[in-house]
Amino acid sequence: MTLVTFDFDDTLTQTLAVWDEEDDTLEDTEFAGPNLVIIQALHACVANGHEVRVVTSRSDRWLSDTHAKLELFGVLHLLAGVHHTNGQWKAEWMAENDMTPIKHFDDDTEELARFPIGCETVLVPMHPSWKGRG
Ligand SMILES: [Mg+2]
């Protein structure tokens with residue numbers, strides 16, 4: 001079975017940027033629910049017979065939060081695994097754990113750049129609220 005992997009934060013989720021009115025500096029970030037386009041892509045991967053896993057650089061401390069949100073998004077039961085790398089590069093962690101995805105979705109170009117040539121990488125755009133400020 002071929003493996004497809006998804007990052008969690010700002011890939012399966014969306015985050016809103018909240019800007020300071022006065023000086024245009026980033027004031028806060030807000031969890032804004034699922035990224036429905038990418039959730040749809042995850043459903044399509046499962047329907048196409050791929051094994052799907054979530055690989056996040058989050059700390060293990062957030063495991064129950066990650067699980068709860070994936071359950072809320074209605075996709076937890078579709079996943080072959082949810083993995084926290086604790087800050088380690090995802091591509092490196094997957095290589096060490098014998099995972100060879102054919103495709104990886106992520107909002108972070110530095111993460112994507114580390115995947116080997118055989119893996120298709122998909123750059124997920126940040127929420128539009130991040131554009132043109134700061
Ligand atoms: Mg991310």
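In the predicted model, strands β2 (residues 13-19) and β3 (residues 26-34) pair in the antiparallel sense over six bridges. The two strands form a hairpin, with six residues between them. In the turn, D24 has a positive phi of about 60°. Within the pairing, T15 has F31 of β3 as its bridge partner.

A separate set of strands pairs in parallel. Five strands make up an open sheet in the order β5-β4-β1-β6-β7. The edges are β5 (81-84) and β7 (120-123), each of which pairs on one side only. From one strand to the next, the twist averages 20°. At the β5 end of the order, β4 and β5 pair in the parallel sense over four bridges. Here R53 stands opposite G81 in β5. Helix α2 (residues 63-72) lies across β4 and β5. Its direction runs at about 145° to that of β5.

Helix α1 has 12 residues. From first C-alpha to last, α1 reaches 16 Å, close to the 16 Å expected at 1.5 Å a residue. The buried residues of α1 are I38, L42 and C45. Seen down the helix axis, these buried residues fall within an arc of 60°, so they line one face of α1. That buried set packs against β1, β4 and β6 (103-106). The face turned away from the buried side carries the exposed residues L36, V37, Q40, A44 and A47. After the helix comes G49, with a positive phi near 90°.

In soluble globular proteins, nonpolar side chains tend to be buried together. The largest nonpolar core of the model has 16 residues. Those with the most contacts inside it are F6, L12, I38, L42, C45, V52 and V54. Four elements, β1 (3-6), α1 (36-47), β4 (51-56) and α3 (90-96), each supply at least two residues of this core. L42 illustrates the packing. Leaving aside residues up to four places away in sequence, L42 touches F6, V52 and V75.

Note on methods:
Residues are numbered from 1 along each chain as its sequence is written. This is a predicted model: local features need pLDDT of at least 70, side-chain atom pairs count only at pLDDT 80 or more; totals for chains, interfaces and linings use all residues. A nonpolar core is a set of buried Ala, Val, Leu, Ile, Met, Phe, Trp, Tyr and Cys residues joined through C-beta atoms within 7 Å. A residue is buried if 20 or more other C-beta atoms lie within 10 Å of its own, exposed if 12 or fewer, and partly exposed in between; C-beta atoms are placed from the backbone. Two residues are in contact if their C-beta atoms, placed from the backbone, lie within 7 Å. The expected span of a helix is 1.5 Å times one less than its number of residues. The arc is that of the directions from the helix axis to the C-beta atoms. Two strands pair if DSSP finds at least two bridges between them. Axes are lines fitted to C-alpha atoms, for helices over the stretch in contact, and angles run from 0 to 180 degrees between N-to-C directions.
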